[in-house]
Structure formats: structure tokens, C-alpha cells
Amino acid sequence: MDEEKGILPTGEYYTPHMNRYREVYERSLREPEKFWSEQAQVLDWFRTWDRVLDDSNPPFYRWFVNGKLNVSYNCLDRHLKQHRRNKAAYIWVAENGEEKIVTYDGLYRRVNNFARALQDLGIRRGDRVVIYLPMILEAPVAMLACARIGAVFSFVFAGFGAQALADRIKDSEATMVITADGGFRNGKIVELKKTVDEALEMTSTVRTVVVVKRTGHEVNMEEGRDVWWHDVVKDGMNYVEPEWMDANDPLFILYTSGTTGKPKGALHGNGGYSVWVANTLRWAFDPQEDDRWWCAADIGWITGHSYIVFAPLILGLTSIMYEGSITYPAPDRLWEIVERYRVNILYTSPTAIRTLMRYGEKYPKMHDLSSLKTLGTVGEPINPAAWKWYYENIGGSRCPIIDTYWQTETGGFMISPQLGLGLVPLKPGSATFPMPGVDPVVVDESGRELPPEQKGYIIYRRPWPGMFLTLYRDPERFKKVYFERFPGNYFCGDYCVKDKDGYYWLLGRADEVLNVSGHRLGTIEVEDALISYKEVAEAAVFGRPDPVKGEVIVAFVVIKDEFAHDRDVVQRIRKRIREDLGPIYVPEEIHVVTKLPKTRSGKIMRRVVKAVALGQLPGDISTLEDSASVEEIKTAIEEFR
Ligand code: WT7
């Protein structure tokens, strides 16, 4: 590859630094133990590890064996001594424009006080606590307070419905839920406490619900179970000694969708995870001490866990945290915040960019965006048109775009341009090169490495520190889902092409998992919900490519005879999905048919439904039982268009 000039005509900034990146990258693979011992210095450890990596029991790799640390100590206590006591940890902006600034000292006090409240309420090391909060400061406070006392938290995105919440409470056997009366979204109240009440009717482990007063609207408070945050948190400063956690003790469980109806609880540890997120943030974005970093994601997803909470706090940065929708009250919301707080680094999703792009250049032009130095994206492949719009209209053709490819399971970035190690020439739509320690290869069905320019599966040949420890209470599924397909390698489920210059192009999921607006959702979760409704006999769900959201959900349902003449049935189904799973699970299209294509053994052929509905060739349909069903799908789609 031509190392002298960038591939894009992007000016001075893109002087290639291939060599520096390569040097660090190659060293990370050549001497991993030494490399990772050095990188682990990003943290303060109570006790140093005995071994950097224990790989004696694959795929249960353990990093920094017997190292002891506390993540909340690393995010807070140590900064008080390092001249960051009065530095802003968060500049929080509410949807209505209200602002709160919390310093490192202020966050330290809040976390200690809440950690004390957790102890007073009987939460001990190892207990599971579900957090179901909107984007308010109590969210990072609750996460860090759990980390401080060694409780394992599981954050459930506040956009999820009662059934989804109940499933996660059940699987984690949580004894406490931390929530709010409600949240704000597009100027309206989102009921959270009410949803918790519904979820708790389906579960039996929760003893205490801590409720933050956010909206102030009337909510039910169950005597003996529900307590207000402001009642249980004492005034003043109640110091709580940080627990000495083992590097491989669990820090949190985060559920993500797979190819079955049951979400997978990715379990992340204290040590390797923290080393990984802090270093990957440094390498990819190179944030400086006085920069203002804005990861415009929700804390309920891994992006928020790693890059709103843990990595920026470990590094002692100042983050913007925003509560509301990106188009409320107007489509210049993000740009207004960038101007008002003179944000230096903005990290968002391709869906957000495509959504805002539709409103035109007028909105970014209303604001002074000159504070921006670097831009980033995450969650899905970015198409070159959106890349170009972001680059020109938001970055003023001066800011590199850091396209970070990773997953809930990987803890942090896996493939990304790395400003901190020397920026390589960018190609819009490619996440470029692997992070140090990441050893990817693109293979065919049988696991053979493919030559450049050929599409295959991306797998990883060795573990990295941020890798999840296991699937919570399901080590068998952990082995089966990730390590069986290509034995000895981590299989992440994505398609990829490596081009002749060695750049990686991530091409989306290779399984029945959906990516809607950069969020991973399972087709089977939606099917399971649909068929649990008394009106629905059968269902097939799949993703249709969408120019803004990447993919949208399409459902074909067979309605039971007794409801065949019920006109409101589809409306009711929509409403139920919204309540049970959450708004993002509501199908864009629901088509009613009298039968679905099935194999002779009675299995619904989702692949055929999808192909026919998208006007593609359905492939092999020799096992199809009744071809009339295919005609019916065609007719349903034609009538819809
Ligand atoms: C899946 C992971 C990583 C945090 C948000 C999503 C897709 C993610 C990219 C990217 C192409 C991407 C993959 C991956 N994905 N980032 N930059 N380019 N695809 O986390 O819910 O665990 O989903 O998102 O398909 O497997 P997640």
C-alpha cells in the first residue's frame, strides 16, 4: 500500500502513520505478557497479578490472575489526589435543557453515599442488582456504587418493556431493582416504575426497589419493598471502603440478543475489562486532559457502559451526558449541545447521522462546530454517503472519523482507526485495522483463511483482555455459541472482507440477529412474543434493509380463526410488543397471512418468507410443503406497497 499519501484527499491531517501503529500492534502480538503488563498500568492495583494470562482452560481465559483492584477506586478516589478533584466528570444535559455539572469529588461523594445505602439495604458482594434508569446522573452513580462494594449490576436499557425486564431479573436472580418514577423522551414521560411493577409480578427474587424521583408524577410505592432514593441516601459524606475485587470477579452482566428467544447474559470482569476499555479509548480517540468527550449513546447499552462510564472515568476525562432524543425539540439538538459545551470529540451512531442528515445541512449550519477535533461512529457499518456528510458538515472536513467496530461481548473496540497510535489513511465504510492484541482472520465455512477481497466470517485467534468471562450461569452456551463453529477461535457472528491493503470491512450479521439503529435484537425474541399472544397462531420475523435504521423488523403472522374478523388485532399486537419488549422491537410491518411456508416436518421457513418478501430468489424450496403460502406472501407485500 502507498504509505506516503492518504487514500482520501483529506489534507495534512491524514499524514499516514502506518509504521507507528504497526510497530505497537506487532509488539502486542509478539510479546503479549509484557505488552499487557505495561498497559495494565493505566489502573491502580491494590495487588499486582501473578500471571498476565492464564489460558490453561480455554475458552475460559483469565487475565491478570490474582490481581486485586476496585473499579470505582480507579474511576474516582485516585483522581482526587491527581489534581482532578474539582474537574468536571460529567456535564449533564436534560432534554429540557436543564444542566448539572458534577465534579470528580462530587461524583465520589454521591457514589460513596449510595454505596452506603446499598449496604444498609442488605446488598453484599456478589449480589445481583438490576438497574433500570434513564440517562440521569444516578445511573453512573448506581453502577459505580455497585462496583465499589462488589455487587454485580445488570443494566437494563430503559426502553425495554416489562417482559424483557422480567426475563433479565429472572436470569440474573437479582434481589434489587434501581429505577426512577419515569424518564423524559420527546417531551413525554416514559413510565419506568410502572413497568418495574409489571415485571415484578412475573418474578420472585426482588426484595427492594429503589426509586429515583425524576419526573415527579404519581407512582405506586409498595410498602415494605419500594423506597425512594432520596430517603435511603444519607446527607454528608459516608465513606465506604472499596472492596478488593479479584481481576476476574464479575463486574456486570449485560444481556444481548442471540439466535434463540433467550437473551444472553454477557459477564464482564473487573480487571481485564477495565484495562481494555481505558486503553482502547486512548488508542482510538487520543483524548486529552482538557478535552470534552461526548459519547452520545445510552448507558443501557455496552457503548454507554464502556465509553460513558468506565473508560472516560478511569482516564479522568470530562464527559457530556445527554438525557433526551436527538431530534427534540428540534433536529439541531446535537449540534446545539456541541456548540454550547464546545465539545471536542463526538461519538455517535450511523443511524443518528442518517436521521439528522435527512433534515439537511441547515441544522448543523446554525451552530459553531469548530470545537470538534475528532468524530466517531459505532453500532453498524457506516455507508459512504453518511460518512461524507458527517465528515463535511459536522467535522468541517477537518476531523477524522473513527469507525469503531466491536460488540457487547468484546467489552471495547476491536477494529478501529487509532488516532493515539498514528492515524492511518481512512476509507469510508471500513473500520480499518485491529486494536493491539486483537488477532482477526477472515475465513470461509470450513475455517480456511480467505484471500483478500473475499467475503467470509471474521474470527479471532486469541483472547484479548476485554473479552467477556462467560455467559452468566450458562458456560455451555458460551462455548457453543462462540467457540464451536471454528474450534479454538472466537466467532462473533459477522461477515467481513479484508481488502488488498489489509483494511477490514465489516458487513453485518451472518446469523438471524437483527441490527436496528445499531442495536442488536433477536428475531426469535419477537416471534416468541408474537406467538405468546392468544390471537396469533404462527409468526415469522426478519429484517428488511432500511436506508436510515440499517434494518427494520418485518413480521408475518397467522391469526387464529376466532380472531380472523377482528379488525383491531394488528393494532393490539403492536401495543403488546411495545409494552412487553419495548418500542424498538415493534415491527415496522405486520402482515397477516393464512399460512406460512413450512418444511414437511412443520418447521417455518423464515429464510423463504424473507426472500420472497424482499423480492429475492427464495433459494432451495424443494422441502416446501405448500407453495400457495409463497404466493400469499407476494400478494401481501404487493398490497402493502
Ligand atoms: C454488532 C454488535 C458495539 C456497541 C454497539 C453494538 C455490529 C457494531 C460496528 C461497526 C459494522 C458494527 C456488528 C456487531 N457493529 N459496530 N463499526 N461496523 N458493524 O453492540 O449490540 O453487541 O452489537 O453490531 O454486527 O456484531 P452489540
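UniProt, in an unreviewed entry, lists 525–603 as "domain: AMP-binding enzyme C-terminal". Keep in mind that this is a predicted model.

**Around the ligand**
- The ligand has 25 residues around it, and the closest are Tyr405, Gln407, Thr408, Leu506 and Arg520.
- If you sort the shell by class, you get nine nonpolar, 11 polar and five charged residues.

**Helix 9 against helix 10**
- On the helix 9 side the contact uses Ser274, Val277, Ala278 and Leu281, while helix 10 brings Ser306, Tyr307, Phe310, Ala311, Pro312 and Ile314.
- That contact has eight nonpolar residues, two polar ones and no charged ones.

**Helix 3 against helix 5**
- Helix 3 (residues 71–81) and helix 5 (residues 138–149) have axes that come within 7 Å and cross at roughly 115°.
- That makes helix 3 and helix 5 roughly perpendicular to each other too.
- The crossing of helix 3 past helix 5 is left-handed.
- Val71, Ser72, Cys75 and Leu76 make the contact from helix 3, meeting Leu144, Ala147 and Arg148 of helix 5.
- By class, the contact of helix 3 with helix 5 splits into five nonpolar, one polar and one charged.

**Helix 6 against helix 7**
- Helix 6 (residues 162–172) packs on helix 7 (residues 193–201) at an angle of about 55°, with the axes 8 Å apart.
- Helix 6 and helix 7 are therefore oblique to each other.
- Helix 6 and helix 7 cross in a right-handed way.
- Helix 6 uses Ala162, Leu165, Ala166 and Ile169 here, and helix 7 answers with Thr195, Val196, Glu198 and Ala199.
- The tally for the contact of helix 6 with helix 7 is six nonpolar, one polar and one charged.

- As background, most residues other than glycine have a negative phi, and most peptide bonds are trans.
- Pro58 to Pro59 is a cis peptide bond, with omega near 0°, and Pro59 is in the loop between strand 1 (51–54) and strand 2 (62–65).
- Tyr328 and Pro329 are also joined by a cis peptide bond, this one with omega about -5°.
- Look for Pro329 in the loop between strand 17 (318–322) and helix 11 (333–341).
- Arg342 isn't a glycine, yet its phi is positive, at about 45°.
- You'll find Arg342 in the loop between helix 11 and strand 18 (345–348).

Notes:
Residues numbered from 1 in each chain as written. Predicted model: local features only at pLDDT ≥ 70, side-chain atom pairs only at ≥ 80, totals over all residues. Near = placed C-beta within 6 Å. Nonpolar A, V, L, I, M, F, W, Y, C, P; charged D, E, K, R; others polar. Axes fitted to C-alpha atoms, helices over the stretch in contact; angles between N-to-C directions. Helix = DSSP H or I, 4+ residues; strand = E, 2+ residues; numbered from the N terminus. Parallel < 35°, antiparallel > 145°, perpendicular 65-115°, else oblique. Left-handed = near helix turned anticlockwise from the far one by under 90°. Contact = placed C-beta atoms within 7 Å. UniProt positions renumbered as here; feature names shortened; annotations may be inferred.
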